[in-house]
Amino acid sequence: MSSTPALELRGLTKNYGGKLTALTDVNLTIRPGEIFALLGPNGAGKTTLIGSVCGLVKKTSGKILVFGHDLDEDPVRPRYEVGLVPQEINFDPFFSVAESLYIQQGYYGQKRDEARVMEVLTALNLQNKADSLTRALSGGMKRRLLIAKALVHKPRLVFLDEPTAGVDVELRRDLWNYVRKLAAEGTTIVLTTHYLEEAEELADRVGIINEGKLLLVEEKKALLRRLGEKRLIVTLTEPITAPLPESVRKAGATLSADGRTVTYPEREGSAPAGDILRALYTHGLPVSDVETRHSRLEDILIDILRGKPAAAGAA
Ligand SMILES: Nc1ncnc2c1ncn2[C@@H]1O[C@H](COP(=O)(O)OP(=O)(O)OP(=O)(O)O)[C@@H](O)[C@H]1O
């Protein structure tokens, strides 16, 4: 596989006029074949970033390189390598499913390729709907057709902007499997989603954007390891009024106001949870229940957006 980045953004800035800067000096390199999740709250600039690459938004300044080709030098051909699954359903309701895909092939300068259309429809389980009018599809089918439309011209870089919004659990799982398959075949995927579980399932790397600024880019696994936390929640058999034993307190454990629950956040490098349990027993504090909770991408994202110090230094 080539090592040329699938996408490079250098100092990408978008000003929608007035004071609103939707993107400020965004620098980002997307590796070929990776699944990259771009996360951030509503209005963070995700759709603007995608639109700038796909030609729907005119950037104010900065460079965009698609597989090494500068879009300022050639705004058209490099974009043939790009596919976009937009947030909003955008097909003409009077064409059939297959026709809308032939139109898409033409739009990308390709000849009508019936075999390719059937291949994509079959992959998305829409083969029986090829002759149906698009307006006669269910919501979930329309979403699958959006994906088919984005893929029919075999792009090497695909943007999925909220691909599973409003999609049921089963279809979401099917789509995840399909995205994984595409990536395994070498397609580069940039995904935006408000379902953090989706990013956690799929992404190799995660970027966090807020108010037009890219705050952090990191391997998902490393991020979860670095900022993720295992929380041990211990219920004591009897509530206590005395403070917790010193060793337990020093390790970072806290006692609830009712004296019944001990909470211990176990981070990388801190004492193992077993040591805390042992210390409680040793000090004559019997335990009736133990629960562990792992923080997920969602907790980490919230911490970063709130500017939590441990997270802020992470870029
Ligand atoms: N055409 C436009 N004209 C003016 N402002 C716009 C336009 N499109 C987007 N914006 C503004 O730019 C900012 C970024 O919007 P954008 O749609 O990129 O965010 P987003 O991260 O995709 O949000 P969401 O998660 O809600 O889809 C927002 O403040 C938005 O109001």
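Colleague: At what angle do helix 2 and helix 4 pack, and how far apart are their axes?

Modeller: In this predicted model, where local features need pLDDT of at least 70, side-chain atom pairs count only at pLDDT 80 or more, and totals for chains, interfaces and linings use all residues, helix 2 (residues 97-107) and helix 4 pack at an angle of about 30°, with axes 9 Å apart. Residues are numbered from 1 along each chain as its sequence is written. Axes are lines fitted to C-alpha atoms, for helices over the stretch in contact, and angles run from 0 to 180 degrees between N-to-C directions. Helices are DSSP runs of H or I with at least four residues, strands are runs of E with at least two, and both are numbered from the N terminus.

Colleague: Why is helix 2 called roughly parallel to helix 4?

Modeller: Angles under 35 degrees count as roughly parallel, over 145 as roughly antiparallel, 65 to 115 as roughly perpendicular and the rest as oblique. The angle is about 30°, and therefore helix 2 is roughly parallel to helix 4.

Colleague: Which residues make that contact?

Modeller: Val97, Ser100, Leu101 and Gln104 of helix 2 meet Leu145, Ala148 and Lys149 of helix 4; two residues are in contact if their C-beta atoms, placed from the backbone, lie within 7 Å.

Colleague: How do the residues of the contact of helix 2 with helix 3 divide by class?

Modeller: Val97, Ala98, Leu101 and Tyr102 in helix 2 meet Val117, Val120 and Leu121 in helix 3. The contact has 7 nonpolar, no polar and no charged residues, where Ala, Val, Leu, Ile, Met, Phe, Trp, Tyr, Cys and Pro count as nonpolar, Asp, Glu, Lys and Arg as charged, and the others, Gly among them, as polar.

Colleague: In what order do the strands form the open sheet?

Modeller: The 6 strands follow the order 6-7-8-3-9-10, with mixed pairing; two strands pair if DSSP finds at least two bridges between them.

Colleague: Why do strand 6 and strand 10 stand at the edges?

Modeller: Strand 6 (82-85) and strand 10 (213-219) each have a single partner strand, so one side of each is left without a neighbour in the sheet.

Colleague: How many bridges join strand 9 to strand 10?

Modeller: Strand 9 (residues 205-210) is joined to strand 10 by 6 bridges, and the two run antiparallel. Ile209 stands opposite Leu214 in strand 10.
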